[in-house]
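Visitor: I'd like to learn how to read salt bridges in a model. Can you walk me through one?

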Amino acid sequence: MATLLVLLRKVTPTPSRTVTGISEKQTPSSVYYTTFDMAITADHIRDKLIKELPAVHVDVEDTSPNRCAASYKVLVVSTQFEGKPLLQRHRMVNMCLAEELKEIHAFEQKTLTPEQWEKQKSQ
């Protein structure tokens, strides 16, 4: 997960300052840092699945209404799925993306072996 480092200024209130505005008279009385976790991206999910499963093909679609990284649909093709039932395949994907799934609100997945994928593409 990517993290964004943000510099914040703490200022001492004066009569010329407003809560929402910044006047020229403001000077920082102290400086401190904070971090904010950034949203998961489709590229991040794709790269992680390719690297950790390993997947031979991955399609990731952000299905959030405003593409806000809250909902994803993935197609994962891996030789690691051969001989495994659907539930076990889905658990493999879920384990791979365990940290990311904490931030995602909806996740739809389709898991195929390379043979199943080739058969599906020809139809």
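Visitor: Is K102 buried or exposed?

Guide: Buried means under 20% relative accessible area, exposed over 50%, and partly exposed in between (1.4 Å probe, protein chains only). K102 is exposed, with a relative accessible area of 59%. A note before we go on: this is a predicted model, where local features need pLDDT of at least 70, side-chain atom pairs count only at pLDDT 80 or more, and totals for chains, interfaces and linings use all residues. Residues are numbered from 1 along each chain as its sequence is written, and side-chain values use heavy atoms, leaving out hydrogens and water.

Visitor: Which residue forms a salt bridge with K102?

Guide: Side chains of opposite charge can pair when their charged atoms come close. The cut-off here is a side-chain nitrogen of Lys or Arg within 4 Å of a carboxyl oxygen of Asp or Glu. For K102 the partner is E99, with the closest N and O atoms 2.9 Å apart. E99 is partly exposed at 47%.

Visitor: How many salt bridges does the structure hold?

Guide: There are 4. One of them joins K48 and E100, at 3.1 Å between the closest N and O atoms. That pair links distant parts of the chain, 52 residues apart: K48 sits in helix α1 (residues 42-52) and E100 in helix α3 (residues 98-101). Helices here are DSSP runs (H or I, at least four residues), numbered from the N terminus.

Visitor: Are K48 and E100 buried or exposed?

Guide: K48 is buried, at 18% relative accessible area, and E100 is buried too, at 2%.

Technical notes:
Helices (H or I, at least four residues) and strands (E, at least two) are DSSP runs, numbered from the N terminus.
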